[in-house]
Amino acid sequence: MARLNVNPTRMELTNIKNKLKTARKGHKLLKDKRDELMRQFIELVRENKEIRREVEKGIEAANAHMSVARSVMSDEALNVALMLPMQEMSLEITEKNVMSVMIPVFETKFKTADANDIYSYGYAFTSSDLDDAVKALSDIMPLMLRLAEVEKSCQLMAAEIEKTRRRVNALEHVLIPQYEETIKYIRMKLDENDRATTTRLMKVKDMMLEEAHHYSEREA
Amino acid sequence: MYKIAAMGEKSSIYGFASIGLEIYPIEEPQEAIHQLRRMVEGDYGVIFITEQLATSIESELDRYRDLPTPAIIPIPGVQGNTGLGMRNVSKSVEQAVGSDILSDA
């Protein structure tokens with residue numbers, strides 16, 4: 001494993017020990033964040049799939065009505081009927097903070113007072129299938145907007161989870177082992193220095209005693 | 001105040017006009033890309049796009065995934081359901097988890 005290129009001194013040891021402590025704390029926090037994000041994400045995805053299934057079914061039904069209407073009415077009549085809408089829909093978007101991911105919250109606004117004011121034509125020249133189609137679409141619309149909200153949230157959360165996961169992995173598998181390795185290296189180096197100093201002192205002491213008392217000559 | 005729009009083949013999105021959405025009848029992928037770029041800069045909250053059109057400009061749509069607005073949502077058109085919408089959801093799961101753990105298949 002790679003270790004950092006540092007001088008094996010006591011000061012570096014203290015520094016790296018502090019860094020390791022911070023890294024461990026960060027790792028724990030990020031891991032908690034990832035787990036919680038994941039839990040909420042899975043819930044959201046389940047909801048997303050459910051709503052999507054429903055919306056797709058609803059739109060298909062509306063399209064079926066629309067096809068019938070198109071076949072019994074001329075294109076011009078259809079144009080005249082639909083191209084000047086009475087209703088106008090707009091959104092008020094606020095943001096909700098979920099684990100530091102900003103997810104959108106929609107609030108629908110209608111131009112006319114009555115949200116059901118959806119028929120932009122008199123009933124004289126249009127087929128009743130068109131009424132059905134418009135009604136079906138209008139019924140499914142709130143769900144479609146909910147789908148948009150949930151699906152966007154899913155996408156944003158997925159991006160955040162990916163980022164967090166990478167950070168957790170980088171800390172767990174690169175940074176923290178690196179610090180541990182370096183700490184071990186510095187400790188070994190310092191210990192080795194200690195032993196070297198002790199042996200040197202013992203040797204020097206031996207030599208000094210020899211100088212003073214001439215043990216080796218006396219033995220001879 | 002954000003607007004809601006629908007984009008795709010005329011016959012698929014026609015009905016949305018009457019309930020108050022802005023509609024953009026577009027069939028050419030190139031034209032759709034240009035229109036989308038204009039809309040992303042404008043104040044559109046949600047853009048519904050038919051799956052037929054969305055399939056041909058998927059890579060362009062991916063660029064807007066991480067933006068807070070607009071939410072670009074594929075919906076089935078008159079030609080029927082291509083499954084792109086569900087695939088998109090699976091894509092999110094794959095991005096987050098690494099593999100699609102929630103697929104029903």
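**How chains A and B meet**

Me: How far apart are the axes of helix 3 of chain A and helix 5 of chain B?

Reply: Helix 3 (residues 128–213) of chain A packs against helix 5 of chain B at an angle of about 20 degrees. Axes here are lines fitted to C-alpha atoms, for helices over the stretch in contact, with angles from 0 to 180 degrees between N-to-C directions. This is a predicted model, where local features need pLDDT of at least 70, side-chain atom pairs count only at pLDDT 80 or more, and totals for chains, interfaces and linings use all residues. Residues are numbered from 1 along each chain as its sequence is written, with chains lettered from A and ligands numbered from 1 in the order in which they are written. The axes lie 8 Å apart.

Me: Is helix 3 of chain A roughly parallel or roughly antiparallel to helix 5 of chain B?

Reply: Angles under 35 degrees count as roughly parallel, over 145 as roughly antiparallel, 65 to 115 as roughly perpendicular and the rest as oblique. The pair packs at about 20 degrees, so helix 3 of chain A and helix 5 of chain B are roughly parallel.

Me: Which element gives the most to the side of chain B that touches chain A?

Reply: Residues are in contact if their C-beta atoms, placed from the backbone, lie within 7 Å; chain B brings 35 residues and chain A 49. Helices (H or I, at least four residues) and strands (E, at least two) are DSSP runs, numbered from the N terminus. With seven residues, the top contributor is helix 5 of chain B.

Me: What is the bridge partner of A:Ser90 in strand 1 of chain B?

Reply: Strand 1 (residues 89–98) of chain A pairs with strand 1 of chain B in the antiparallel sense over two bridges; pairing needs at least two DSSP bridges. The partner of A:Ser90 is B:Lys3.

Technical notes
Two residues are in contact if their C-beta atoms, placed from the backbone, lie within 7 Å.
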